[in-house]
Amino acid sequence: MTASTEISVILVSYNTSSYTRRALESLFRETQLSTFEVIVVDNASSDDSVSMIRQFFPQVTLIESGANLGFAGGVQLGAAQAQGKYLLLLNPDTVIVNAAVDRLLRFAKQYPDSGIWSGVTLNNDMSLNTQHAWSKPNLRDLFYSAVGLSKLFSKTCFFNNANYGCWERDTIKDVDIVSGCFFLTTRELWDKLGGLDATFFMYAEEADYCLRAKALGHQPIVTPDARIIHHGGVSHSHFSGKQIKLLKGKVELVNRHVVAWQRPVYKALLYWYVLNKYLVHTLFKPKSAQRREWQTVFANRADWLQGYR
């Protein structure tokens, strides 16, 4: 680690050339810090991601992994070369606005004991995107999700506590889990926890990190002052593929952070959630692409119910 590098920004790209270019352009345009480095790990993209980065961003440290290591594996590779006191995980499908990185770092210095800091995400039209912070796994929350009440009453914290539904994203808030799309942590805590667990190929790896950090007394915290645009899921061409990975990540999280006797109940509720989605689309949208995608997810239940082990 060099004394001159305060923050290392790590992106993992996989066939996201145009998004990665836009993310990097916004990062360099909006970030005023004089002591930061940017590391991009490319997971064997088949598009022009590597040549694009070499052509337009020679100041970036480019690591070619040679294989698709997933998000956690890619970040681990980048972190191994990072020199910063802080590590910022940033998705390639994000856009930095209003000096968000500078704001987030200032916030981290105001709350140094937290160890994990994040901001608020926006949609491309600058409307609020609430998929950036969650509560830890909870049977009640999963039940409300399985039966559709969390979506029906999404603005309430009683039925949508998992996503902090009643929080207007206009105040600082302690949370259990923050999204890996805009995820700041210290190098010291990273090394203490061993970084992200690469068992989580994609999805829930940041949740696992947050819950392990909380067990050590660190409290993830979000500031509304640092906001970015996040598209989400652009490296997936199929809805079913993304959902299967999401479910595998959730099950793996349950396997690791939920007491043994509750695990079968959690998995049953996840099964119910997917079955409910499949049946609803079969009844009301039998010819839709969404019905076929949920059918694929349900058909693969034996796989995702095992988690990533």
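**Notebook: salt bridges and a helix pair**

I began with Arg-212, which counts as partly exposed at 21% relative accessibility (buried is under 20% relative accessible area, exposed over 50%, partly exposed in between, with a 1.4 Å probe and protein chains only). This is a predicted model, where local features need pLDDT of at least 70, side-chain atom pairs count only at pLDDT 80 or more, and totals for chains, interfaces and linings use all residues. Residues are numbered from 1 along each chain as its sequence is written, and side-chain values use heavy atoms, leaving out hydrogens and water.

Next I looked up the partner of Arg-212: a salt bridge joins Arg-212 to Asp-208, with the closest N and O atoms 2.9 Å apart (a side-chain nitrogen of Lys or Arg within 4 Å of a carboxyl oxygen of Asp or Glu). Asp-208 is buried, at 2%.

I then searched the whole structure and found 12 salt bridges. One of them pairs Lys-109 with Glu-6 at 2.4 Å between the closest N and O atoms. Lys-109 is in helix α4 (residues 100–110) and Glu-6 in the segment before β1 (7–13), so this pair ties together parts 103 residues apart in sequence.

I also noted Arg-140 and Asp-141, whose side chains meet in a salt bridge (3.8 Å, N to O). Arg-140 is partly exposed at 37%, while Asp-141 is buried at 5%.

Conventions:
Helices (H or I, at least four residues) and strands (E, at least two) are DSSP runs, numbered from the N terminus.
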